[in-house]
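The sequence and structure come before the notes.

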Amino acid sequence: MKEYPEKKELGLYIHIPFCERKCRYCSFYSIPYDERLVLEYCDSIVEEIRLHKNTIKKYKLISLYIGGGTPSVIPLNILTEFIVRIKKNINILNKSEFTIEVNPNTLTERKIKTYRELGVNRISVGVQSFNDTELKFLGRIHTASQAVDCLKRLIKSGIDNVSIDLIYGIPEQKLENWANTIREAISYNVKHISVYNLSYDKGTKLFEDLTKNKFKKVNFIKEEFMFFFMLAFFKEKGFLHYEISSLAKSEKYRSKHNLNYWQDGEYLGFGASAHSYLIDNKNCHQRWGNISNVDKYIDRIKNNESPKCFAETLNNDELLREYLMLRLRLIEGFSLREFDRIFGAEIKRKLISKLDFFIDNCLLQESGGMLSIPNNRLFVSNEIIALLLSKL
Ligand code: SF4
C-alpha cells in the first residue's frame, strides 16, 4: 500500500440522534427525543471516547463536531455534564474548531451562553429556508421568523462563527423566493453557508410521497439555475466558494471539520451510526461504522462489546476512489504532484492517460499542477466524478 504523508491531525464527531420530529426529507439516523435514553446515550458516548483515549492522545485535535440529529434538544444540564466529561478524556485545544448543530426553534439565549462557556466556537444552524411554505413542505418544525430570531440572538451573543444550511430545488419553490432566502441569509453576518439541492433518498417520507405523485420534482434546468444564481450572488457579496456546497466569508471561516473529511484526513466518530477513519501504524487505512440503533449501541457499550457494525481496510483501488470523490468536491481540486506521491507514478500515468477526454470536453481542468472541475460544470460534479472513476 502506498505511503501517505504523515498525518497527525484528527477530527472528532459525536452523533446526537435525537430530534423533536423527523423532517420529511431526512435520511440521517434520528429518533424522537427521550430524556431517559439521552442520559444513557451520553454515558455510552463518554465511555466510547474513553476507550479511544490513548489513540486520540497521539493526534492533534483540530475539530470537535457535535451533530445529529438535533444536539440543541438536549437540556443544558445534561449537555453541560456531557461535555465536561468528554473534556476530561480529550484535549480540545483553544485553536480547535468546536461546532454544535442547532435547530432554530431550540436555541435560547441561555443555551448560546452556556455553549460558549463550554468552549463551543462555531454554531451551525439548520435554517434551510426563510419561507414558511417551503419549511412546511420540508417538514421542518421551525418557522422563518424563528430562524430570524435565532440568528439575531446569535449576533447579539457575539458568537463570531455562525454557519447556516440552506436547501434549494424544493418543489414549487419560486425563483423569487429562493432569491429572498439567499438575500436574507447574508443579513445576519453569517460566516459560512452550506447549500444543498433537495435530495430524494429512499426510505424518506419525501421519497415515498414522490413515488405517490403527491408533487412534482423541480426540473434540472431550474435547479441548475438556482445553484449558479446562488453562487453568483454569494461570490458577489465576498464569499469564498471552496467546496461544491460550501461558502465561507474568508479562508479563516472554512469548516475545518469538513475540510478534514474532504482532504482525506483522519477522524473518529462516536455514537450510534457514527463513522471513523484512521491510518494505523502499518499504514493500513481503516474505516468502520457504528450500529444505527441507540438501544443496541447503549447495550453493546454497557456489555463491553464493540458498537461497530462494519469495519474494513481500504485497498489501493478504494483509496483511489475515495481520494478522487472527496478531493474533486473541493473547488481547488488536488495537486497532481501529491497524487503521484500518494498513489505512485503508474496510477498517475493511468489517470493522465484518461484526462484528454475530460479536458477536451471541459469536464476537468488542469492549471498550475492542480486538477479540478471547472466552475461551470460544478452542478454535474457527481456525474463527472462517476465517469472518471468508471474509466480508471
Ligand atoms: S432536524 Fe435534521 S436530523 Fe433531525 S430530522 Fe430534521 S433533517 Fe433530520
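In this predicted model, helix 13 meets helix 14 through Leu336, Phe339, Asp340 and Phe343 on the helix 13 side and Ala345, Ile347, Lys348 and Leu351 on the helix 14 side. The axes of helix 13 (residues 336-343) and helix 14 (residues 345-360) come within 7 Å and cross at roughly 135°. This angle makes helix 13 oblique to helix 14.

**Helix 1 and helix 3 as a pair**
- The axes of helix 1 and helix 3 come within 9 Å, with a crossing angle of roughly 10°.
- At that angle, helix 1 counts as roughly parallel to helix 3, since the limit is under 35 degrees.
- Helix 1 contributes Val38, Leu39, Cys42, Val46, Ile49 and Arg50 to the contact, and helix 3 contributes Ile78, Phe82, Arg85, Ile86 and Asn89.

**Helix 3**
- Helix 3 covers residues 76-89; its 14 residues should span 20 Å at 1.5 Å a residue, and the end C-alpha atoms are 20 Å apart, in agreement.
- Leu79, Phe82, Ile83 and Ile86 are the residues reported as buried in helix 3.
- Viewed down the axis of helix 3, the buried residues fall within an arc of 95°, so they line one face of the helix.
- Asn77, Val84 and Lys88 are exposed on the other side of helix 3.
- The buried residues of helix 3 pack against helix 1 (35-51).

**Helix 1**
- Buried positions in helix 1 are Val38, Tyr41, Cys42, Ser44, Ile45, Val46, Glu48 and Ile49.
- These buried residues of helix 1 pack against helix 2 (53-57), helix 3 and helix 11 (294-302), and also against strand 1 (9-16), strand 2 (18-19) and strand 11 (266-270).

**The chain as a whole**
- The secondary structure of the protein chain comprises 15 helices and 17 strands.
- The protein chain has a radius of gyration of 21 Å, close to the 21 Å given by the globule rule for 392 residues, so it is as compact as a globular protein of that length.
- The C-alpha trace spans about 60 × 55 × 45 Å along its principal axes.
- Of the 392 residues in the protein chain, 37% are buried.
- Among contacts in the protein chain with a separation of 6 or more, 72% join residues 24 or more positions apart.

**Backbone geometry**
- Most residues other than glycine have a negative phi, and most peptide bonds are trans.
- The peptide bond from glycine 68 to glycine 69 is cis, with omega near 20°.
- Glycine 69 lies in the loop between strand 4 (60-68) and helix 3.
- Glutamine 128, which is not a glycine, has a positive phi of about 70°.
- Glutamine 128 belongs to strand 6 (residues 122-128) and is buried, with 26 other C-beta atoms within 10 Å.
- Serine 273 has a positive phi near 70° and sits in the loop between strand 11 and strand 12 (275-279).
- With 20 other C-beta atoms within 10 Å, serine 273 is buried, because the cut-off for burial is 20 or more.

**Glutamate 117**
- Glutamate 117 is part of helix 4 (residues 109-117) and is exposed, with 10 other C-beta atoms within 10 Å.
- The C-alpha atoms of glutamate 117 and tyrosine 41 are separated by 23 Å, and the two residues are 76 residues apart along the chain.

How values were computed:
Residues numbered from 1 in each chain as written. Predicted model: local features only at pLDDT ≥ 70, side-chain atom pairs only at ≥ 80, totals over all residues. Helix = DSSP H or I, 4+ residues; strand = E, 2+ residues; numbered from the N terminus. Expected span 1.5 Å × (residues − 1). Buried ≥ 20, exposed ≤ 12 C-beta atoms within 10 Å, placed from the backbone. Arc of directions from axis to C-beta. Contact = placed C-beta atoms within 7 Å. Rg over C-alpha atoms; globule rule 2.2 N^0.38 Å. Axes fitted to C-alpha atoms, helices over the stretch in contact; angles between N-to-C directions. Parallel < 35°, antiparallel > 145°, perpendicular 65-115°, else oblique.
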